[in-house]
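Open your viewer and get ready to click along. We will go from stop to stop, with something to select at each one.

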Amino acid sequence: MKVCIIGASGKLGRYMVQHALDRGCEVVGVCRERSVKKLEAFKGRITVVPGATNDREVIRKAVAGCDGVLTVLVPWGTHQYSTGTAQAVLDHAQPGARLIFSCGWHITRDGKDVYPKSLKREDKIIRLITRIVPFVDIDDQVEACRRIFTSNTRWTIVRGSDLEEGESQGLPVWSRHVGDPILVSNMTRRVDFALFMVAALTNDELLHEAPAIVGCRTPSALAHTVATGHGH
Ligand SMILES: NC(=O)c1ccc[n+]([C@@H]2O[C@H](COP(=O)([O-])OP(=O)(O)OC[C@H]3O[C@@H](n4cnc5c(N)ncnc54)[C@H](OP(=O)(O)O)[C@@H]3O)[C@@H](O)[C@H]2O)c1
């Protein structure tokens with residue numbers, strides 16, 4: 001499988017590069033010119049296409065011939081970075097390619113997510129701060145996801161919980177709605193978020209789903225598995 005990783009130099013991106021290589025994929029990574037050095041460890045094993053992830057020409061070139069595209073969707077700045085990135089991928093990925101996007105629990109597909117008070121508070125604070133210092137644009141990430149949800153591509157949007165570093169604990173479990181008991185622990189190892197993204201490339205159960213994920217060793221995941229004998 002030939003896979004393009006958009007936002008390859010970030011923390012999530014580098015974990016995805018490693019997982020994809022472990023699976024024997026041919027990897028093309030896109031990252032900002034200034035961040036190419038962060039991919040030094042993979043030199044000779046991946047192809048790097050330097051450039052902004054919302055640069056349509058960069059994306060067109062990078063996704064050519066790829067069966068899968070993994071996109072780190074980030075809401076940086078005030079220049080529609082998320083929508084620009086998502087639209088470029090939707091428009092240029094080859095027909096039938098599997099498209100996996102990352103975001104957080106704050107994205108909702110059907111409005112049926114029930115958010116913990118702490119998350120609502122966090123959202124309010126970020127929106128207040130960014131009204132004064134607009135370094136991120138959450139609404140642009142929301143719009144990017146709306147476009148993905150309504151596209152006729154083979155998409156999955158993986159919604160990450162709070163993240164922590166640490167060794168892999170295995171593939172996270174998931175649920176369709178934040179608020180479901182299995183997700184209560186709200187913590188995933190970043191390396192496992194990346195594992196879920198890469199595994200989604202070949203998991204058709206996740207086609208046109210927006211799984212909210214949580215670490216498989218967290219108390220809520222373990223309790224759910226014990227209580228019901230299954231988890232996703
Ligand atoms: N952080 C969390 O707690 C959390 C929780 C839930 C979900 N998520 C989701 O997880 C994904 C990865 O997030 P992360 O926080 O873990 O970050 P990350 O993996 O470090 O990725 C950050 C990405 O943003 C790029 N970036 C940083 N500053 C930028 C700028 N000013 N302009 C353009 N691009 C810039 C980085 O590229 P460079 O390498 O070039 O800097 C990198 O590709 C995102 O989709 C996020 O929504 C995060």
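How many nonpolar, polar and charged residues does the shell around the ligand have? The shell has nine nonpolar, nine polar and five charged residues. In this count, Ala, Val, Leu, Ile, Met, Phe, Trp, Tyr, Cys and Pro are nonpolar, Asp, Glu, Lys and Arg are charged, and the others, Gly among them, are polar.

Before you click further, note that this is a predicted model, where local features need pLDDT of at least 70 and side-chain atom pairs count only at pLDDT 80 or more, while totals for chains, interfaces and linings use all residues. Residues are numbered from 1 along each chain as its sequence is written.

**Stop 1: the ligand**

Select Gly7, Ser9, Gly10, Ser35 and Gly160, which come nearest of the 23 residues around the ligand. A residue is near a molecule if its C-beta atom, placed from the backbone, lies within 6 Å of it. Now color α1 (11-22) and β5 (98-104), the elements that give two or more residues to this shell. Helices (H or I, at least four residues) and strands (E, at least two) are DSSP runs, numbered from the N terminus.

**Stop 2: two crossing helices**

Next, select residues 56-63 for helix α2 and residues 81-92 for helix α3; their axes come within 9 Å and cross at roughly 45°. Axes here are lines fitted to C-alpha atoms, for helices over the stretch in contact, and angles run from 0 to 180 degrees between N-to-C directions. Show Arg56, Ile59, Arg60 and Val63 in α2, which meet Ala88, Val89 and His92 in α3. By class, this contact has four nonpolar, one polar and two charged residues.

**Stop 3: Asp162**

Go to Asp162, in the loop between β6 (154-160) and β7 (163-164). Asp162 counts as partly exposed because it has 14 C-beta neighbours inside 10 Å. The cut-offs are 20 or more other C-beta atoms within 10 Å for buried, 12 or fewer for exposed, and partly exposed in between, with C-beta atoms placed from the backbone. Leaving aside neighbours within four places in sequence, Asp162 is in contact with Asn186 and Met187; contact means that the C-beta atoms, placed from the backbone, lie within 7 Å.

**Stop 4: helix α6**

Finally, select residues 190-200, helix α6: is it mostly covered or mostly uncovered? Helix α6 is mostly covered, with nine of its 11 residues buried. Among them are Phe193, Leu195, Phe196 and Met197.

Methods
Contact = placed C-beta atoms within 7 Å.
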